[in-house]
Amino acid sequence: MRKKALFFDVDGTLLSEETHLVPESAVRAIEKAKALGHMTFINSGREDCLLEEIRKLVNVDGYLCGCGTQLIVHGETVYEHRLPRELGRFLLEQGNLFRVGIVLEAQEFCYFPEPPYPTKALDKVFASLKAGHPAGVRETADGEVIFDKFCFWSDEESDIAGFIRAVSKEFTVIDRGQGMYECVPLGHSKATAITKILQLYDIRLEDAYVFGDSTNDLAMFQAVPNAVLMGKHDKELEPYASFVTKTVEEDGIAYAMEQLGILG
């Protein structure tokens, strides 16, 4: 059996958004895949600082973080793309101008602006992230930090179109729904992360498999022919799915890996 590379999104794919756990069936399936010589990766929009819970729940070969801005394999960073302090300062200024709430995301921390926030939505986001990842959250008044990507949240007073025009020369903007937007440096995505890994380990594209459920998985679904779509998913992914599996809670990961012959 040829070596395969398996790439898993986190939220809604590996991690149940209901139980906040990885099903035991998925843990066993990934362990079996590794025992067969396949390589397994988390491919997430999350930064490294927000992946501590996944590390405790499942054992994989590597973590592709921040939509391709940092690649970690066997504990070592094999690629990173970082953004300068002056860009972070510019983004916070634009956020205030267009009334959107910005979180600068870095390997080490997610940086919130100091309150009061330009949008009401950010209050809830800060409280939620602080509760779930207390060690991964910091505040910055001026954006003077090195970072990798950012997200922004809007409300009824935000000028979303104006802000997107201001940042579109540097970032791809992904609409995640419910007023949240994920902004990734041009030239980076979950797909570019996969390309780098396949080249690094000399694995053919037809031996790559991606597993996802939401709009920030779109790039990897478009790039990889073996695209497994979770039972609960965003409709935008459907045209690119090669296999639709069950939900996380219905053991969708293990079911797909068995049906597709990945586990022998």
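Buried, for us, means under 20% relative accessible area, exposed means over 50%, and partly exposed lies in between, with a 1.4 Å probe and protein chains only. This is a predicted model: local features need pLDDT of at least 70, side-chain atom pairs count only at pLDDT 80 or more, and totals for chains, interfaces and linings use all residues. Residues are numbered from 1 along each chain as its sequence is written, and side-chain values use heavy atoms, without hydrogens and water.

Cysteines, then. How many disulfides, taking a pair of cysteine sulfur atoms within 2.5 Å as one? The count is zero. Cys110 is in no disulfide, and its nearest cysteine sulfur, on Cys49, is 4.2 Å away. Cys110 counts as buried, because its relative accessibility is 2%. Cys151 is in no disulfide either; the sulfur of Cys183 is the nearest, 6.8 Å away. Cys151 is at 2% relative accessibility, so Cys151 is buried too.

Now the helices. Helices here are DSSP runs (H or I, at least four residues), numbered from the N terminus. Take α3, residues 85–98, and α5, residues 160–167. Their axes, lines fitted to C-alpha atoms over the stretch in contact, come within 9 Å and cross at roughly 160°. That makes the two roughly antiparallel, a label for angles over 145 degrees.

Who makes the contact (heavy atoms within 4.5 Å)? From α3, Phe90, Leu91, Gln94, Gly95 and Phe98; from α5, Gly162, Phe163, Ala166 and Val167.

Note on methods. A disulfide is a pair of cysteine sulfur atoms within 2.5 Å. Axes are lines fitted to C-alpha atoms, for helices over the stretch in contact, and angles run from 0 to 180 degrees between N-to-C directions. Angles under 35 degrees count as roughly parallel, over 145 as roughly antiparallel, 65 to 115 as roughly perpendicular and the rest as oblique. Contact means heavy atoms within 4.5 Å.
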